[in-house]
Amino acid sequence: MTHTRLAVAFENQFARKPQLFVAPGRINLIGEHIDYNEGFVMPTAIDKHFIFAIAPSENNLFTFIATDLDEKISFSLNDLKPGNRWENYLMGVIDAFKRRGKVVGGVDGTFSSSIPSGAGLSSSAALCSGFGFALNEIFQCGLSKLDLVLIAQESEHRFVGTMCGIMDMYASLFSSPGSVMLLDCRTNTHEYLPINLDEYSILLIDTKVKHALHESGYNDRRAACEEGVRTLQGKYPMIKSLREVTIEMLESAKSMLSNDVYIKCFYVVHEIDRTLKAAQLLKSHDLVGFGKLMYKTHWGLSKEYKVSCEESDWLVQWASENEVTGARQMGGGFGGCTINLLRKDKTPMLIDQVRSKYFAAFKKEPDFYQIELSDGVHKTKSALDWRER
Ligand code: GLA
(Lines give C-alpha, C1' and ligand atoms only; values in the text may rest on other atoms or scores of the structure.)
Protein backbone atom coordinates (compact mmCIF):
# COMPACT_ATOMS: atom_id res chain seq x y z
CA MET A 1 0.00 0.00 0.00
CA THR A 2 1.31 3.51 -0.76
CA HIS A 3 1.90 6.16 1.92
CA THR A 4 -1.02 8.15 0.59
CA ARG A 5 -3.49 5.27 0.58
CA LEU A 6 -2.49 4.35 4.11
CA ALA A 7 -2.94 7.98 5.23
CA VAL A 8 -6.38 8.05 3.58
CA ALA A 9 -7.32 4.76 5.25
CA PHE A 10 -6.27 6.27 8.59
CA GLU A 11 -8.29 9.45 8.03
CA ASN A 12 -11.37 7.48 7.00
CA GLN A 13 -11.15 5.40 10.13
CA PHE A 14 -10.04 7.93 12.74
CA ALA A 15 -11.16 11.27 11.24
CA ARG A 16 -7.89 13.18 11.69
CA LYS A 17 -4.41 13.44 10.24
CA PRO A 18 -1.72 10.87 11.10
CA GLN A 19 2.06 11.10 11.10
CA LEU A 20 3.74 8.65 8.73
CA PHE A 21 6.76 6.47 9.38
CA VAL A 22 8.69 3.97 7.24
CA ALA A 23 10.58 0.99 8.73
CA PRO A 24 12.59 -1.24 6.37
CA GLY A 25 13.46 -4.93 6.42
CA ARG A 26 17.10 -5.93 5.98
CA ILE A 27 19.52 -8.16 4.18
CA ASN A 28 22.75 -9.41 5.70
CA LEU A 29 25.68 -9.92 3.33
CA ILE A 30 27.70 -12.02 5.74
CA GLY A 31 28.08 -12.69 9.49
CA GLU A 32 25.17 -15.04 10.20
CA HIS A 33 24.27 -16.15 13.73
CA ILE A 34 27.04 -13.93 14.95
CA ASP A 35 25.25 -11.00 16.56
CA TYR A 36 24.36 -12.90 19.75
CA ASN A 37 27.98 -14.09 19.90
CA GLU A 38 29.15 -10.46 20.02
CA GLY A 39 31.00 -10.64 16.69
CA PHE A 40 30.70 -8.64 13.46
CA VAL A 41 27.84 -8.71 10.96
CA MET A 42 27.20 -6.89 7.68
CA PRO A 43 23.53 -5.96 7.22
CA THR A 44 21.72 -3.10 5.53
CA ALA A 45 18.12 -2.00 4.98
CA ILE A 46 16.20 -2.74 1.78
CA ASP A 47 13.34 -1.18 -0.14
CA LYS A 48 10.74 -3.43 1.47
CA HIS A 49 9.19 -1.90 4.53
CA PHE A 50 6.39 -1.27 6.98
CA ILE A 51 4.55 2.04 6.70
CA PHE A 52 2.75 3.31 9.79
CA ALA A 53 0.13 6.06 9.96
CA ILE A 54 -0.17 7.00 13.63
CA ALA A 55 -1.63 9.73 15.84
CA PRO A 56 -2.15 10.06 19.61
CA SER A 57 -5.53 8.68 20.65
CA GLU A 58 -8.14 10.59 22.60
CA ASN A 59 -8.99 7.75 24.98
CA ASN A 60 -5.59 6.36 26.12
CA LEU A 61 -6.28 3.17 24.18
CA PHE A 62 -4.00 1.64 21.56
CA THR A 63 -6.04 0.87 18.48
CA PHE A 64 -4.37 -0.62 15.42
CA ILE A 65 -5.56 -1.71 12.03
CA ALA A 66 -3.32 -4.16 10.17
CA THR A 67 -4.59 -3.23 6.72
CA ASP A 68 -2.98 -6.17 4.90
CA LEU A 69 -4.70 -8.63 7.24
CA ASP A 70 -7.88 -6.62 7.62
CA GLU A 71 -7.63 -6.95 11.41
CA LYS A 72 -8.38 -4.36 14.06
CA ILE A 73 -7.31 -4.57 17.70
CA SER A 74 -7.73 -2.25 20.65
CA PHE A 75 -6.06 -2.59 24.05
CA SER A 76 -5.01 -0.53 27.07
CA LEU A 77 -1.76 -0.34 29.02
CA ASN A 78 -3.19 -2.95 31.40
CA ASP A 79 -3.71 -5.51 28.65
CA LEU A 80 -0.07 -5.95 27.54
CA LYS A 81 0.72 -9.66 27.27
CA PRO A 82 3.18 -12.00 25.54
CA GLY A 83 2.22 -14.07 22.51
CA ASN A 84 3.22 -14.45 18.90
CA ARG A 85 0.71 -12.37 17.02
CA TRP A 86 1.55 -8.95 15.55
CA GLU A 87 -0.07 -7.09 18.44
CA ASN A 88 2.21 -8.83 20.94
CA TYR A 89 5.27 -7.32 19.22
CA LEU A 90 3.65 -3.88 19.58
CA MET A 91 2.70 -4.59 23.19
CA GLY A 92 6.30 -5.61 23.89
CA VAL A 93 7.51 -2.25 22.58
CA ILE A 94 5.03 -0.34 24.74
CA ASP A 95 6.05 -2.43 27.75
CA ALA A 96 9.73 -1.66 27.10
CA PHE A 97 8.91 2.08 27.04
CA LYS A 98 7.09 1.65 30.34
CA ARG A 99 10.01 -0.24 31.88
CA ARG A 100 12.24 2.74 31.05
CA GLY A 101 9.87 5.12 32.78
CA LYS A 102 8.67 6.47 29.42
CA VAL A 103 4.97 6.06 29.90
CA VAL A 104 3.24 6.93 26.67
CA GLY A 105 -0.39 7.80 25.97
CA GLY A 106 -2.52 5.71 23.63
CA VAL A 107 -2.30 5.88 19.85
CA ASP A 108 -4.46 5.06 16.87
CA GLY A 109 -2.59 3.51 13.97
CA THR A 110 -2.86 1.77 10.63
CA PHE A 111 0.04 -0.08 9.08
CA SER A 112 0.91 -2.05 6.01
CA SER A 113 3.99 -4.00 4.97
CA SER A 114 5.74 -5.04 1.76
CA ILE A 115 8.19 -7.30 3.66
CA PRO A 116 7.18 -10.95 3.17
CA SER A 117 6.89 -12.49 6.62
CA GLY A 118 8.85 -15.63 7.49
CA ALA A 119 11.25 -14.95 4.59
CA GLY A 120 14.24 -14.01 6.76
CA LEU A 121 13.95 -10.29 5.92
CA SER A 122 13.21 -9.22 9.50
CA SER A 123 9.64 -8.11 9.24
CA SER A 124 9.19 -8.40 13.02
CA ALA A 125 12.24 -6.24 13.75
CA ALA A 126 10.93 -3.64 11.29
CA LEU A 127 7.52 -3.72 13.00
CA CYS A 128 9.08 -3.14 16.45
CA SER A 129 11.68 -0.62 15.28
CA GLY A 130 9.20 1.46 13.29
CA PHE A 131 6.62 1.47 16.06
CA GLY A 132 9.20 2.38 18.73
CA PHE A 133 10.51 5.20 16.53
CA ALA A 134 6.97 6.50 16.02
CA LEU A 135 6.14 6.44 19.76
CA ASN A 136 9.39 8.21 20.55
CA GLU A 137 8.61 10.97 18.03
CA ILE A 138 4.94 11.37 18.88
CA PHE A 139 5.43 11.55 22.64
CA GLN A 140 8.87 13.21 22.47
CA CYS A 141 10.41 10.60 24.78
CA GLY A 142 13.98 11.59 23.93
CA LEU A 143 15.21 8.02 23.38
CA SER A 144 18.24 7.46 21.15
CA LYS A 145 18.22 5.14 18.13
CA LEU A 146 20.29 2.67 20.13
CA ASP A 147 17.66 2.74 22.90
CA LEU A 148 15.08 1.92 20.21
CA VAL A 149 17.21 -1.00 18.99
CA LEU A 150 17.31 -2.40 22.53
CA ILE A 151 13.59 -1.80 23.01
CA ALA A 152 12.77 -3.70 19.80
CA GLN A 153 15.03 -6.57 20.89
CA GLU A 154 13.45 -6.58 24.36
CA SER A 155 10.02 -6.92 22.78
CA GLU A 156 11.14 -10.04 20.90
CA HIS A 157 12.81 -11.51 24.00
CA ARG A 158 10.17 -10.80 26.59
CA PHE A 159 6.95 -10.83 24.58
CA VAL A 160 7.57 -13.27 21.73
CA GLY A 161 10.26 -15.52 23.16
CA THR A 162 12.82 -15.22 20.34
CA MET A 163 16.24 -14.69 21.92
CA CYS A 164 17.48 -12.76 18.87
CA GLY A 165 20.56 -10.56 18.65
CA ILE A 166 20.53 -6.86 17.73
CA MET A 167 21.37 -7.10 14.04
CA ASP A 168 17.89 -6.81 12.54
CA MET A 169 16.62 -3.84 14.51
CA TYR A 170 20.00 -2.12 14.32
CA ALA A 171 19.93 -2.43 10.52
CA SER A 172 16.35 -1.23 10.34
CA LEU A 173 17.12 1.86 12.43
CA PHE A 174 20.67 2.82 11.43
CA SER A 175 21.06 1.95 7.73
CA SER A 176 22.14 4.51 5.21
CA PRO A 177 21.54 4.07 1.46
CA GLY A 178 24.52 3.17 -0.73
CA SER A 179 26.30 1.33 2.05
CA VAL A 180 26.22 -1.75 4.21
CA MET A 181 27.34 -1.56 7.81
CA LEU A 182 30.03 -3.47 9.59
CA LEU A 183 28.27 -3.76 12.92
CA ASP A 184 30.25 -4.63 16.01
CA CYS A 185 27.77 -6.51 18.19
CA ARG A 186 29.91 -6.16 21.29
CA THR A 187 30.19 -2.38 21.36
CA ASN A 188 26.93 -1.79 19.44
CA THR A 189 28.71 0.56 17.07
CA HIS A 190 29.05 0.47 13.30
CA GLU A 191 31.11 1.60 10.38
CA TYR A 192 29.37 2.29 7.05
CA LEU A 193 31.05 0.51 4.14
CA PRO A 194 30.09 2.16 0.87
CA ILE A 195 29.05 -0.50 -1.60
CA ASN A 196 29.27 0.13 -5.28
CA LEU A 197 27.62 -2.79 -7.01
CA ASP A 198 28.30 -1.45 -10.55
CA GLU A 199 27.58 -4.35 -12.87
CA TYR A 200 26.44 -6.56 -9.98
CA SER A 201 23.10 -6.87 -8.33
CA ILE A 202 21.61 -8.56 -5.27
CA LEU A 203 18.80 -10.99 -5.86
CA LEU A 204 16.87 -12.70 -3.07
CA ILE A 205 15.23 -16.02 -3.81
CA ASP A 206 12.46 -16.95 -1.42
CA THR A 207 12.39 -20.72 -0.89
CA LYS A 208 8.80 -20.35 0.38
CA VAL A 209 9.81 -22.51 3.31
CA LYS A 210 8.38 -20.41 6.12
CA HIS A 211 10.06 -20.20 9.46
CA ALA A 212 9.03 -18.64 12.71
CA LEU A 213 12.11 -18.13 14.84
CA HIS A 214 10.32 -18.53 18.14
CA GLU A 215 9.45 -22.10 17.25
CA SER A 216 12.56 -23.06 15.27
CA GLY A 217 15.94 -24.25 16.59
CA TYR A 218 17.16 -20.64 16.83
CA ASN A 219 17.16 -20.47 20.63
CA ASP A 220 18.89 -23.89 20.80
CA ARG A 221 21.74 -22.61 18.65
CA ARG A 222 22.17 -19.68 20.96
CA ALA A 223 22.12 -21.98 23.99
CA ALA A 224 24.80 -24.23 22.42
CA CYS A 225 27.09 -21.21 21.92
CA GLU A 226 26.55 -20.12 25.51
CA GLU A 227 27.35 -23.61 26.74
CA GLY A 228 30.52 -23.50 24.62
CA VAL A 229 31.57 -20.22 26.26
CA ARG A 230 30.92 -21.57 29.78
CA THR A 231 33.05 -24.66 29.07
CA LEU A 232 35.84 -22.70 27.39
CA GLN A 233 35.97 -20.37 30.39
CA GLY A 234 37.27 -23.40 32.34
CA LYS A 235 40.48 -23.09 30.32
CA TYR A 236 40.31 -19.39 29.34
CA PRO A 237 38.61 -17.57 32.24
CA MET A 238 38.95 -14.14 30.60
CA ILE A 239 36.64 -14.86 27.66
CA LYS A 240 33.11 -13.48 27.73
CA SER A 241 31.81 -14.66 24.36
CA LEU A 242 32.91 -16.57 21.25
CA ARG A 243 34.10 -13.20 19.92
CA GLU A 244 37.37 -13.63 21.83
CA VAL A 245 37.91 -17.27 20.94
CA THR A 246 40.50 -17.98 18.25
CA ILE A 247 40.55 -21.11 16.14
CA GLU A 248 43.64 -22.28 18.08
CA MET A 249 41.92 -21.78 21.44
CA LEU A 250 38.90 -23.74 20.25
CA GLU A 251 41.03 -26.62 18.95
CA SER A 252 43.02 -26.77 22.17
CA ALA A 253 39.79 -27.17 24.18
CA LYS A 254 38.05 -29.53 21.77
CA SER A 255 38.04 -32.51 24.14
CA MET A 256 36.19 -30.46 26.79
CA LEU A 257 33.22 -29.84 24.46
CA SER A 258 30.50 -32.15 23.22
CA ASN A 259 30.64 -32.75 19.44
CA ASP A 260 27.52 -30.71 18.91
CA VAL A 261 28.74 -27.71 20.90
CA TYR A 262 32.21 -27.90 19.35
CA ILE A 263 30.88 -27.80 15.79
CA LYS A 264 28.55 -24.88 16.54
CA CYS A 265 31.46 -22.93 18.07
CA PHE A 266 33.66 -23.94 15.12
CA TYR A 267 31.16 -22.35 12.74
CA VAL A 268 30.89 -19.14 14.78
CA VAL A 269 34.62 -18.62 15.22
CA HIS A 270 35.20 -19.10 11.49
CA GLU A 271 32.25 -16.91 10.51
CA ILE A 272 33.52 -13.98 12.59
CA ASP A 273 36.85 -14.34 10.83
CA ARG A 274 35.17 -14.56 7.39
CA THR A 275 33.15 -11.40 8.06
CA LEU A 276 36.26 -9.37 8.87
CA LYS A 277 37.96 -10.71 5.73
CA ALA A 278 34.83 -9.91 3.71
CA ALA A 279 34.92 -6.30 4.96
CA GLN A 280 38.48 -5.96 3.64
CA LEU A 281 37.44 -7.44 0.28
CA LEU A 282 34.52 -5.02 0.04
CA LYS A 283 36.83 -2.11 0.77
CA SER A 284 39.05 -3.20 -2.13
CA HIS A 285 35.98 -3.84 -4.31
CA ASP A 286 36.82 -7.53 -4.72
CA LEU A 287 33.28 -8.85 -5.14
CA VAL A 288 34.50 -12.15 -6.58
CA GLY A 289 36.51 -12.86 -3.43
CA PHE A 290 33.53 -11.68 -1.37
CA GLY A 291 31.23 -14.11 -3.19
CA LYS A 292 33.53 -17.05 -2.40
CA LEU A 293 33.20 -16.26 1.31
CA MET A 294 29.42 -16.19 0.98
CA TYR A 295 29.49 -19.77 -0.33
CA LYS A 296 31.72 -20.82 2.58
CA THR A 297 29.26 -19.26 4.98
CA HIS A 298 26.40 -21.16 3.40
CA TRP A 299 28.01 -24.56 3.73
CA GLY A 300 29.00 -23.69 7.30
CA LEU A 301 25.38 -22.81 8.07
CA SER A 302 24.24 -26.02 6.42
CA LYS A 303 26.76 -28.63 7.56
CA GLU A 304 28.10 -27.17 10.81
CA TYR A 305 25.48 -24.88 12.30
CA LYS A 306 22.68 -26.95 10.76
CA VAL A 307 20.19 -24.16 10.15
CA SER A 308 19.69 -24.67 6.42
CA CYS A 309 17.09 -26.75 4.61
CA GLU A 310 17.01 -28.88 1.48
CA GLU A 311 15.55 -26.06 -0.62
CA SER A 312 18.20 -23.49 0.36
CA ASP A 313 20.99 -26.02 -0.19
CA TRP A 314 19.57 -26.78 -3.62
CA LEU A 315 19.42 -23.10 -4.59
CA VAL A 316 22.96 -22.39 -3.41
CA GLN A 317 24.36 -25.48 -5.12
CA TRP A 318 22.62 -24.49 -8.34
CA ALA A 319 23.97 -20.93 -8.02
CA SER A 320 27.52 -22.20 -7.57
CA GLU A 321 27.23 -24.22 -10.77
CA ASN A 322 25.74 -21.34 -12.77
CA GLU A 323 28.11 -18.41 -12.47
CA VAL A 324 26.48 -16.72 -9.50
CA THR A 325 29.32 -14.85 -7.78
CA GLY A 326 28.16 -15.58 -4.23
CA ALA A 327 25.09 -17.17 -2.66
CA ARG A 328 23.98 -18.35 0.72
CA GLN A 329 21.00 -18.77 2.95
CA MET A 330 20.30 -15.56 4.81
CA GLY A 331 18.91 -14.69 8.24
CA GLY A 332 17.88 -17.02 11.03
CA GLY A 333 17.60 -19.97 8.63
CA PHE A 334 15.37 -23.03 8.39
CA GLY A 335 14.05 -21.63 5.09
CA GLY A 336 13.39 -18.06 4.08
CA CYS A 337 15.54 -16.47 1.37
CA THR A 338 18.90 -17.09 -0.20
CA ILE A 339 20.90 -13.97 -1.02
CA ASN A 340 22.64 -14.04 -4.41
CA LEU A 341 25.36 -11.69 -5.60
CA LEU A 342 25.56 -11.88 -9.37
CA ARG A 343 26.29 -9.91 -12.50
CA LYS A 344 23.26 -7.89 -13.57
CA ASP A 345 23.23 -9.39 -17.06
CA LYS A 346 22.86 -12.90 -15.60
CA THR A 347 19.79 -12.07 -13.53
CA PRO A 348 16.99 -12.71 -16.08
CA MET A 349 18.52 -16.07 -17.06
CA LEU A 350 18.86 -17.09 -13.43
CA ILE A 351 15.28 -16.19 -12.58
CA ASP A 352 13.97 -18.04 -15.61
CA GLN A 353 15.91 -21.20 -15.02
CA VAL A 354 15.56 -21.36 -11.26
CA ARG A 355 11.80 -20.88 -11.49
CA SER A 356 11.23 -23.96 -13.58
CA LYS A 357 13.94 -26.18 -12.09
CA TYR A 358 12.96 -25.36 -8.51
CA PHE A 359 9.35 -26.08 -9.31
CA ALA A 360 10.30 -29.42 -10.84
CA ALA A 361 12.31 -30.33 -7.73
CA PHE A 362 10.01 -29.05 -4.96
CA LYS A 363 6.57 -28.52 -6.50
CA LYS A 364 6.42 -24.92 -5.35
CA GLU A 365 7.18 -21.57 -6.98
CA PRO A 366 10.01 -19.56 -5.46
CA ASP A 367 9.68 -15.75 -5.28
CA PHE A 368 12.38 -13.41 -6.55
CA TYR A 369 13.12 -10.02 -5.02
CA GLN A 370 15.49 -7.68 -6.86
CA ILE A 371 16.16 -5.34 -3.99
CA GLU A 372 17.68 -1.88 -3.65
CA LEU A 373 19.49 -0.69 -0.55
CA SER A 374 17.58 1.86 1.45
CA ASP A 375 17.51 4.31 4.31
CA GLY A 376 16.81 3.25 7.91
CA VAL A 377 13.58 4.04 9.81
CA HIS A 378 12.37 7.59 9.13
CA LYS A 379 9.41 9.89 9.17
CA THR A 380 7.80 10.61 5.81
CA LYS A 381 4.93 12.48 4.20
CA SER A 382 2.04 11.42 2.00
CA ALA A 383 1.06 13.04 -1.29
CA LEU A 384 -1.75 14.74 0.67
CA ASP A 385 0.74 16.45 3.00
CA TRP A 386 2.87 17.63 0.08
CA ARG A 387 -0.18 19.09 -1.65
CA GLU A 388 -1.17 21.06 1.45
CA ARG A 389 2.22 22.73 1.90
C1 GLA B 1 17.64 -13.64 13.01
C2 GLA B 1 17.86 -12.90 14.33
C3 GLA B 1 19.15 -12.09 14.29
C4 GLA B 1 20.33 -12.93 13.84
C5 GLA B 1 19.98 -13.73 12.59
C6 GLA B 1 21.05 -14.70 12.21
O7 GLA B 1 17.42 -12.74 11.98
O8 GLA B 1 16.77 -12.05 14.59
O9 GLA B 1 19.39 -11.51 15.55
O10 GLA B 1 20.79 -13.75 14.87
O11 GLA B 1 18.76 -14.44 12.73
O12 GLA B 1 22.20 -14.05 11.82
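Residues are numbered from 1 along each chain as its sequence is written. Local features need pLDDT of at least 70 in this predicted model.

Stop 1: Select residues 179-184, strand β7, and 189-194, strand β8. Strands here are DSSP E runs of at least two residues, and helices are H or I runs of at least four, numbered from the N terminus. β7 and β8 pair in the antiparallel sense over 6 bridges; pairing takes at least two DSSP bridges between two strands. Look for Asp184, which stands opposite Thr189 in β8. The 3 strands form an open sheet in the order β2-β7-β8.

**Stop 2: a residue in a helix.** Select 86-99, helix α2, and find Glu87 in that helix. Is Glu87 buried or exposed? Glu87 is buried, with a relative accessible area of 9%. Buried means under 20%, exposed over 50%, and partly exposed in between, using a 1.4 Å probe and protein chains only.

**Stop 3: the lining of a cavity.** A cavity is a set of points on a 1 Å grid over the protein atoms alone where a 1.4 Å probe fits but cannot get out; lining residues have an atom within 4 Å of a point. Select Leu29, Ile195, Leu197, Ile202, Leu282, Leu287, Phe290, Met294, Ile339 and Leu341, which line the largest cavity. α9 (287-304) and β11 (337-343) each give two or more residues to that lining. The largest share, 3 residues, comes from α9.

Terms used: Predicted model: local features only at pLDDT ≥ 70, side-chain atom pairs only at ≥ 80, totals over all residues. Heavy atoms only, no water. 1 Å grid on protein atoms, 1.4 Å probe; cavity = no way out; pocket = protein on both sides within 12 Å on 5 of 7 lines; lining within 4 Å.
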